[in-house]
Amino acid sequence: MINEIWYSPAFSSLLTERREGLVVFGAGGIHLALNLIGLPGWVCPIRAATGVPCPGCGMTVSAVQFLRGDFAASIETHAFAPIFLLAMFVMVAALILPSNSRQQLVSFIHRLETRFGVTSWVLFALVVYWGVRLIGLVSFPNSF
Amino acid sequence: MLGTIGSLIALVCGIAVLIKLFQREGALKGILGLICMLYTYIWGWMHIKDESLQIKNWMYVWTAAIVLGIILNVIAQTQANIAAQLP
């Protein structure tokens with residue numbers, strides 16, 4: 001059962017559904033752009049209601065810092081921002097590539113997920129990272 | 001106060017839609033939705049016409065709570081700016 005979940009394709013299925021991928025990328029892009037120009041974007045409902053940051057809190061600020069070349073600050077804010085940006089890049093590639101190349105890319109991601117459970121490992125690591133930050137071993141910066 | 005209530009309403013609606021996301025798309029996308037609630041929100045709007053999910057009301061209330069939050073933020077920001085200009 002756990003094996004089935006662990007090795008199930010999640011990201012590649014998002015890439016397969018082009019419309020969903022386009023909307024998710026569009027919303028993510030708008031959110032990132034708003035942050036780049038210093039305007040507020042999406043507010044995390046978990047943090048807004050409870051004050052407790054969710055595992056993804058700080059990712060946008062970190063991504064903006066990464067895009068501006070401030071890599072040290074980016075990693076300090078949220079260590080997973082480069083992976084988030086890589087995922088965004090793959091989504092763009094899946095949206096603009098011709099059908100054959102796109103199919104090859106989706107198959108490659110699908111293989112990574114079903115053979116090695118890449119997405120599960122990343123999400124698992126993200127949750128562990130969040131736990132480590134919550135108990136204070138790595139601090140949450142105040143900048144997000 | 002109103003902002004806190006709005007945030008709580010948004011959280012409850014988000015969790016309701018997140019549960020449907022878990023049930024429909026599986027654990028991995030569910031966790032993705034938990035990590036990034038924006039994904040849950042988008043997924044909710046993309047599946048709003050699916051009657052079997054019954055998320056229409058949750059999505060409307062969630063969106064209203066978000067809009068309310070934005071309005072309250074703008075009001076708070078304006079008041080803060082006015083207060084800062086007072087001698």
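**Exercise 1. A salt bridge within chain B**

In this predicted model, Asp50(B) forms a salt bridge with Arg24(B); find how far apart the closest N and O atoms of the pair are, and state where in chain B each partner sits.

*Solution.* Begin with the distance: the closest N and O atoms of Asp50(B) and Arg24(B) are 2.8 Å apart, and the pair therefore meets the criterion, which asks for a side-chain nitrogen of Lys or Arg within 4 Å of a carboxyl oxygen of Asp or Glu.

**Exercise 2. The interface between chains A and B**

Describe the contact between chain B and chain A by its area, its residues and its polar pairs.

*Solution.* The size of an interface is often given as the accessible area lost when the parts come together. Here about 2,000 Å² is buried between chain B and chain A, with carbon and sulfur atoms giving 81% of it. On the side of chain B, the residues that lose the most area to chain A are Leu28(B), Ile35(B) and Met46(B), which together account for 34% of what that side buries. The contact draws 21 residues from chain B and 25 residues from chain A. Turning to polar pairs, there are zero salt bridges between the two chains, but two residue pairs are in polar contact, both at pLDDT 80 or more. The elements of chain B that give two or more residues to this side are α1 (2-25), α2 (27-35), α3 (37-46) and α4 (56-85), and by class the side holds 18 nonpolar, two polar and one charged residues.

**Exercise 3. Two helix pairs**

Compare how α9(A) packs with α2(B) and how α7(A) packs with α8(A).

*Solution.* Two packed helices are described by the angle between their axes and the distance between the axes. Helix α9 (residues 118-134) of chain A packs with α2(B) at an angle of about 35°, the axes being 11 Å apart, and the crossing is left-handed. Ser120(A), Leu123(A) and Leu126(A) of α9(A) meet Leu28(B), Ile31(B), Leu32(B) and Ile35(B) of α2(B), which by class gives six nonpolar, one polar and no charged residues.

Within chain A, the axes of α7 (residues 81-96) and α8 (residues 99-116) come within 8 Å and cross at roughly 145°, again in a left-handed crossing. Here Val90(A), Ala93(A) and Ala94(A) of α7(A) touch Arg102(A), Leu105(A) and Ile109(A) of α8(A), a set with five nonpolar, no polar and one charged residues.

How values were computed
Residues are numbered from 1 along each chain as its sequence is written. Chains are lettered from A and ligands numbered from 1 in the order in which they are written. This is a predicted model: local features need pLDDT of at least 70, side-chain atom pairs count only at pLDDT 80 or more; totals for chains, interfaces and linings use all residues. Side-chain values use heavy atoms; hydrogens and water are left out. Contact means heavy atoms within 4.5 Å. Buried area is the accessible area (1.4 Å probe) that two parts lose on being put together, summed over both. A polar contact is a pair of N or O atoms within 3.5 Å; within protein, one must be able to donate a hydrogen and the other to accept it, and residues adjacent in sequence count only if both atoms are side-chain atoms. Helices (H or I, at least four residues) and strands (E, at least two) are DSSP runs, numbered from the N terminus. Ala, Val, Leu, Ile, Met, Phe, Trp, Tyr, Cys and Pro count as nonpolar, Asp, Glu, Lys and Arg as charged, and the others, Gly among them, as polar. Axes are lines fitted to C-alpha atoms, for helices over the stretch in contact, and angles run from 0 to 180 degrees between N-to-C directions. A crossing is left-handed if the near helix is turned anticlockwise from the far one by less than a right angle, and right-handed if clockwise.
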